[in-house]
Protein chains: 4
Amino acid sequence: MVIIMRSGASESHISTVRKEVEARGFEVVENRGKENVVVAIIGIIDTNQRQPLIDHFSQMDGVERVTPITKPYKLTAKAAKIQTKIHVGDVEIGNGRFVVIAGPCALESPEQLMSAAAGVKAAGAAMLRVGIYKPRTGPYAFQGMEEEGIEIVHGLKGEIGLPIVSEITRPQMVEKMSEVVDILQIGARNAQNSDLLKEVGRGVRPVVLKRGLSMTLDELMQSAEYILSEGNPNVILCERGIRTFETATRNTLDLGGAAYLKTVMTHLPVIIDPSHGTGIRELIAISTKMAVAGGFDGLLVEVHPKPWEALCDGPQSLTIEKFGKLMSELKRIAPVFDKAI
Amino acid sequence: MVIIMRSGASESHISTVRKEVEARGFEVVENRGKENVVVAIIGIIDTNQRQPLIDHFSQMDGVERVTPITKPYKLTAKAAKIQTKIHVGDVEIGNGRFVVIAGPCALESPEQLMSAAAGVKAAGAAMLRVGIYKPRTGPYAFQGMEEEGIEIVHGLKGEIGLPIVSEITRPQMVEKMSEVVDILQIGARNAQNSDLLKEVGRGVRPVVLKRGLSMTLDELMQSAEYILSEGNPNVILCERGIRTFETATRNTLDLGGAAYLKTVMTHLPVIIDPSHGTGIRELIAISTKMAVAGGFDGLLVEVHPKPWEALCDGPQSLTIEKFGKLMSELKRIAPVFDKAI
Amino acid sequence: MVIIMRSGASESHISTVRKEVEARGFEVVENRGKENVVVAIIGIIDTNQRQPLIDHFSQMDGVERVTPITKPYKLTAKAAKIQTKIHVGDVEIGNGRFVVIAGPCALESPEQLMSAAAGVKAAGAAMLRVGIYKPRTGPYAFQGMEEEGIEIVHGLKGEIGLPIVSEITRPQMVEKMSEVVDILQIGARNAQNSDLLKEVGRGVRPVVLKRGLSMTLDELMQSAEYILSEGNPNVILCERGIRTFETATRNTLDLGGAAYLKTVMTHLPVIIDPSHGTGIRELIAISTKMAVAGGFDGLLVEVHPKPWEALCDGPQSLTIEKFGKLMSELKRIAPVFDKAI
Amino acid sequence: MVIIMRSGASESHISTVRKEVEARGFEVVENRGKENVVVAIIGIIDTNQRQPLIDHFSQMDGVERVTPITKPYKLTAKAAKIQTKIHVGDVEIGNGRFVVIAGPCALESPEQLMSAAAGVKAAGAAMLRVGIYKPRTGPYAFQGMEEEGIEIVHGLKGEIGLPIVSEITRPQMVEKMSEVVDILQIGARNAQNSDLLKEVGRGVRPVVLKRGLSMTLDELMQSAEYILSEGNPNVILCERGIRTFETATRNTLDLGGAAYLKTVMTHLPVIIDPSHGTGIRELIAISTKMAVAGGFDGLLVEVHPKPWEALCDGPQSLTIEKFGKLMSELKRIAPVFDKAI
């Protein structure tokens, strides 16, 4: 529920309203628009509590109107639900843990897969990420091992011993992919592919939804709503950098926006992808530490046994060794932020 | 073929190279990079001419190296082919005509379809645009009439008497949609959906490919290359506004970029969509006149019999009457730019 | 004055309001916000007419409230005044003429100045542009001839025989510069330098105010308001390209935004700078034709006798010959848009 | 010095070059361009060491050429100098300390100044920030107390007991401002005002240089070079958010870019301004923790005794109480990152 203050409402009116809300045991977030100040009530409101609250606050000085949360993402919005926790195997995302999902951009061979899996597992990763289908900018770039890759992962799943996250690009693949992977990823290019969003929404697997290159947080919430509204509540949002005028880094990692997303907008877990977010190997450890300090729910990071031989994203992939160093640093700093690794 | 000048090459060296190229009957375009000046040779080069040219220019003063056009879009690039001309019914796109494609954002009913079709046809439109599938930002917005819509268009095709342009959103729909519409449109949200791009590339219908919200011209060329590389040469590129910091207009219509696309980058026809490009009814006539002056190949514009009842994009749709006025203005000004309407 | 419709007001309510406004002889512009439709009344409203209008429209169905134009730019806003016309010598800007201001990026020598002036004058330019002070990105780039340049221009003013436009960068230079140049230009980097804006606002010379690299149209209006509010009404706004993610062109020339600025926002003349707006010589003629078709008031274009020897902006400067060709084209097409050159 | 690898150089060639550089005791940073991989040598190189290094690496496999650091910012570049440390009173910026600079957006009265100063000092801030001159977007917004404000600060300087940081907007004010404040701040709007940059470069006070709204890191380096090249080596760079398409936050705080700036580009201290960077009070504590985790040198944060009465930036200002809580959190987490507060 949000309380829209009159344009020109005094700060004392606004703070009185805040206090009143907090007195009822709710958290408050203030949004300042050009015209109005909006006081957002964070937390769940029992349906029978709703009307009395509307009546009460509508009459307070400086209040223009009180409205339930806006429609476009009623299931995804913070006010709709307490924090979502997603269980995959014995891993829980959305609670006190900083879940590290690591692995190569693309599956290249059974050997590469196993050496990557063994490496990230030994270093303490919670899940393995690996690309089977690779949507690329141009037709002449490596497009992934596709069907053959599915067979490889299927055959090695037992040995890998980690939950697997992999990207899906076509609605008709949801069922087959769901048999071999534990979490379906929707990439930046497909973040507004509504047919695909609806289909994973009807599926049984949790979904990592990446923010599109130039997607507002509002639009990301609406894409998530496509999935939730089809019945699948297990969505993890991923900030992976947006496109701006700055080109020193591959993208601009919007950590402030992601913090707003997690703190104000939604009850869904939010994770960070520093590999695509910066595109520069040297910045990944720093960005990851900032992600832990920001209170996010996890990490999606590219790790490759031999980045210099990688068929994609080599320059932004960590070696197993560098990843190991990063993991021990994370274990050292996470407790200060009440996070487990 | 492009001639890369040495960093620091003198302007006289550059102009000598230009003259040499022009002396051989080629057009020239200069691109200035941070490091190097690149002299691009525009026009077709016979394969047996290629090596001699490379040898000749490589030896000239100030030249660093000479290379055939870069791989990522070898079929789409200007140098690959003379101007592409696409025939749909008796309409030709890519030649001297400014092809006006007009109609409602979405099909709403048989009556609405026929009144829109009759209206734009009477005003002189060359083709009808109408949305059967509407990919929307959120799940609660009208998603189009879908299957039912296909039946309606199928039944009325004869009466409409104009070629029809309509958006496609799923690979598996290409065949069915191709039976009822004359040109398949790929929207901004799917502009990097490689599965869809490949599938229309295997199809029989020409394709209008819209530029994504934050797609560089280079990426648009690569998306087009997906289609061409599958065998379909009939692609029309559409500038429909990009996302920037400016919000006074819905998007920023990149007419300068579109001019670069048509003049320097590609042999494919380029059309302009002022409806999405500005999002403001009052700017559509002005933007359209600028598109004619810019030498583009056509227009994709939203026209609705009753914009105030439209299920989508009402605010940016022209009435039949306003569209009629625009058409007569276009007929008046087009000849000055050697264009037919 | 603007009429804010209630969120969810029906299209028939909106059109009734429009008709009522038009019936009173006013032009109307509709702005569609996320929440509300705003019907803006364009044209001057006598003070004694104001309250009756507010009372009348406030009571109509679907109207939320009626407000006089928003404060931040009450002098610059369209509603404040009829079209501003600025006289410089025998040139009038803001009326039926497309005023071409041409010349070199920077003054380099008396010879270069005279050959440029003679060339653009012969080709039919209305004014000469030339940079005496050049604010540059870095300290090691040519910063202009500065004081020495002022002397040169002062000495040759008589022979030049064209009004001169030149950039000013410091408040304390306004008086001295005003003695030698006819129009003071404020560049993109100083577009929000409020001390400089106030000072030229107290000066006697008309001002060309360029839009900053990432300035919204709203902010550009507020910068203009700095000048008008100090008493100088003679301001010309210049669109010169904004910074976006696209790098194929040097900047993104926002012709749609400029059209919104001129049509909806302000009574000040609006001109276009295709040289900085695209940064590519090959696009200048096309962009200029689009500017004429867009109904703008003029052009600011870089022309240099020998671009390959220019100390700045050579790559985007036209030769005198190319500029001559462009001028004859403009003379041919301008009449179709009721413009004189 | 940077080693440019040939386009298409193998990863093994690249890693051999890296090892060779590291073997000589230098740190290495890899930059991946579209065309080439660049291996940058970080750290100081003795002039007599330079040529031998160039000769040696130029001959290695896969190397195209070796060049000393590019001109536009030879003094500001990382390679030019070891980490810059700036002393102000007994505070040192650029070493192991996270320097917190806190205070109100604007000076409003002696009482407000003293209560703000006392509050932030008690909470443990290292310096006081306060605006005397306020460049604003529009002329009708509060412009600061100006001359009167200087007198107030001058009179209270002794009582305040903290070094003072304040913005300067005009070249001719440098001397006078330098008498009352300890660090001169150049704001985002003046970040490319070369006259002002040169003038503070000739001054005696350290300078906080804020990144412009749409300034690339490369341009920020060049603005800093203006100051250093005039003789003032004491520059602190400040990331305060850039303008992007996202509007949920006031600006997009580019922590990844700032990390690149500090790690790869320059030896100057880099601080973060989360107040302007996010514009939302609720995000300031989170952003600050991320800044500590990112290894930055300090913080510029807005704190006001009564934000609801603030004449500017109230919504993004912390109360003294909230600031106090933040400071104690920082003291708890900073040691994990080897930082003192």
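How many residues of chain D are in contact with chain B? It's 5 residues of chain D against 5 residues of chain B, with contact taken as heavy atoms within 4.5 Å.

A quick note on the ground rules: this is a predicted model, where local features need pLDDT of at least 70, side-chain atom pairs count only at pLDDT 80 or more, and totals for chains, interfaces and linings use all residues. Residues are numbered from 1 along each chain as its sequence is written, chains are lettered from A and ligands numbered from 1 in the order in which they are written, and side-chain values use heavy atoms, with hydrogens and water left out.

The size of an interface is often given as the accessible area lost when the parts come together. Here's how this one tallies up:

| Chain D with chain B | Value |
|---|---|
| Buried area (accessible area lost, 1.4 Å probe, summed over both) | about 400 Å² |
| Share of the buried area from carbon and sulfur atoms | 58% |
| Salt bridges (Lys or Arg side-chain nitrogen within 4 Å of an Asp or Glu carboxyl oxygen) | 0 salt bridges |

On the side of chain D that touches chain B, the residues split into 1 nonpolar, 1 polar and 3 charged; charged covers Asp, Glu, Lys and Arg, nonpolar covers Ala, Val, Leu, Ile, Met, Phe, Trp, Tyr, Cys and Pro, and the others, Gly among them, are polar.

Now chain A. Its C-alpha atoms fill a box of roughly 70 × 40 × 40 Å along the principal axes. Of the 341 residues in chain A, 64% are buried, meaning under 20% relative accessible area (1.4 Å probe, protein chains only). Among chain A contacts between residues at least 6 apart in sequence, 69% join residues at least 24 apart.

Notes: Buried area = accessible area lost by both parts, 1.4 Å probe. Buried < 20%, exposed > 50% of the residue type's maximum accessible area, 1.4 Å probe, protein only.
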